[in-house]
Amino acid sequence: MTSIKQYPSAREKTTGRLLLLAAGTFVVGTGGFVIAGLLPGIAQSLRVTETSASLLITIYALVFAIGTPIISMVTGRVSRTTLMVAGLGLVTVGNVLTAVLPTFDLVMVARVITGIGAAAFVPAATASAAAIAAPGRKGRAISLVTAGFTAATALGAPIGTAIGALGGWQLALWFVVALGGIVVVGTGVLLRRIPLPAAQTARERFAPLASGRIAVTLLTTLLIVAGQYSGYTFFGSVQDRATGGSGTVLALLLFVYGLFATIGNLLAGSLSDRFGNRVVLNIAVVVLIADFVAMPFAGGALWSASILIAVWGLSAWAALLAVQHRVVEIAPGAIAWNSSATFFGIALSGPLGGLAISTAGVHNLTLVAAVVVVLALVVGEVSHRLVVRQARRVVESPAEVDGARPLLAA
C-alpha cells in the first residue's frame, strides 16, 4: 500500500490548504457534471442531437477513468504541486476550448484535454490532502477534499445550469474557468514542498484487480453509476414535463438532487458503520429501483418530480457510499480503482441513456436504468458473499490473502 510522508507544517493550520484542494475537485466535478444541465443548449448550438452531445460527458469520464492509473504511474516522481497545477491548468484550458470552439468534433477534443487534466489533478490532490493533514486526521482530510465532487453535484451543477439559462451554456463554462484560474494560482502559491509518495511498481498498482471479491465490488460501483447517471446525463429531457422547458426550474431540480445526494452520502457512512454496508447497499438500491420505476408515471408534475428526484439522489449516493465503505474495509489500496470504476460508469451512462431513449422513449429512460440497477443489486450480493467466504478462509488460516483485510460484517 502506498505510504505518504507527513507534510512538514502539518502542525500548523491546514484547513485553508485542504479547502483549496477541495475547491480544485469542485472545479473538476462541476466542469464534468454541469454538461448534463446544459445538454439541450449545447446540442442546439453545435447542431447535433442530445444523444450525440452526451458523448461530451462520455469522453470526459472515459479519459478520466483510463488516465488516472496511467498518469499516476508515469508521474510518480513528479512534484505534487507541479502535477496539480498542470492538471488543473489543463482542466481550465479544456473548459475554455469547450466554450469557444465552433464544432462538435473540436469540442470533443477539448473534453479529452479536460479529462487528462482531471486525471492528473484528482489523485495528486488526494495524496496531498493526506500529506498535509495532522497525524490521525488523514481520513478526514481526504474526505474533505473528495467532498468537492459532492459539492459539485449539489451546488456546482445547478449554479452552472442557472447561469446557462440566463446567459447561454458558454457562460456557465466561463464560470468554471474563472474558478479554475483562481485555484490554479492558489495551488501554485500555497501548496509547496509536498513529499512524494513511495514508489509503486505497475504490478503493485494493478494487484487489487486480481482479487475476485474486489473486482466484483468494483463492478457493483460501475453498474450503479451507469444506471443512475444515464438519467442524470439526460436530466433536462427526462424532467421536461416538470420543468416546462425552464432552465431555472431545471437548476432547482438539480439542486434538489445534489442536496439529497449529499445527505445520502453523509447518512450512509454512519449507517454502514452501524448496520454493515450490505444492509445499507441493499436497501438503498431497492429504493432506487422503485423510484426509477415510478418516475415515468409520477414524474410529470413539479411537486411529484421533486420528491422522486430527492429520493433518487438520496438512495443512489447512499448506495455508492456503501460500496465505497466495502472497498475501504476489504482493500483500502483499491479505493483509486473505485474512482476509475465510477468514471467508467459515467462514461457508459451516455450511450446507455441514448439507447434507452431510442428504444423506450425519453420519459421511459429510467425504466431501462432500473434494469441496470437490478443487475447492480445482484452483483453487490455476489460481492458480499465473496467477502464473507474470504473472511472465513482467513479465520481458518490467519495468513492474509490478496493483501486485503477480512470483514465478516460486510
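This is a predicted model: local features need pLDDT of at least 70, side-chain atom pairs count only at pLDDT 80 or more; totals for chains, interfaces and linings use all residues.
Overall picture first. The protein has 16 helices and zero strands. It runs to 410 residues, and 53% of them count as buried. Now contacts. Take those between residues at least 6 apart in sequence: 83% join residues at least 24 apart.

On to the helix pair. Look at H1, residues 15–46, and H5, residues 104–132. Their axes come within 9 Å. How do they cross? At roughly 160°. The cut-off for roughly antiparallel is over 145 degrees, so H1 and H5 are roughly antiparallel to each other. The crossing of H1 and H5 is left-handed.

Which residues meet? From H1, the list includes Arg17, Leu18, Leu21, Val28 and Ile35, and also Gly24, Gly31 and Gly32. From H5, it includes Phe104, Val107, Arg111, Phe121, Val122 and Ile132, with Ala118, Ala125 and Ala129 among them too. By class, the residues of this H1–H5 contact divide into 13 nonpolar, five polar and two charged.

Last stop, Arg47. This residue sits in the loop between H1 and helix H2, and H2 covers 50–53. Why flag the backbone there? Because most residues other than glycine have a negative phi. Arg47 is not a glycine, yet its phi is positive, about 60°. Is Arg47 buried or exposed? Its relative accessibility is 75%, so Arg47 counts as exposed.

Notes:
Residues are numbered from 1 along each chain as its sequence is written. Side-chain values use heavy atoms; hydrogens and water are left out. Axes are lines fitted to C-alpha atoms, for helices over the stretch in contact, and angles run from 0 to 180 degrees between N-to-C directions. Helices (H or I, at least four residues) and strands (E, at least two) are DSSP runs, numbered from the N terminus. Angles under 35 degrees count as roughly parallel, over 145 as roughly antiparallel, 65 to 115 as roughly perpendicular and the rest as oblique. A crossing is left-handed if the near helix is turned anticlockwise from the far one by less than a right angle, and right-handed if clockwise. Contact means heavy atoms within 4.5 Å. Ala, Val, Leu, Ile, Met, Phe, Trp, Tyr, Cys and Pro count as nonpolar, Asp, Glu, Lys and Arg as charged, and the others, Gly among them, as polar. Buried means under 20% relative accessible area, exposed over 50%, partly exposed in between (1.4 Å probe, protein chains only).
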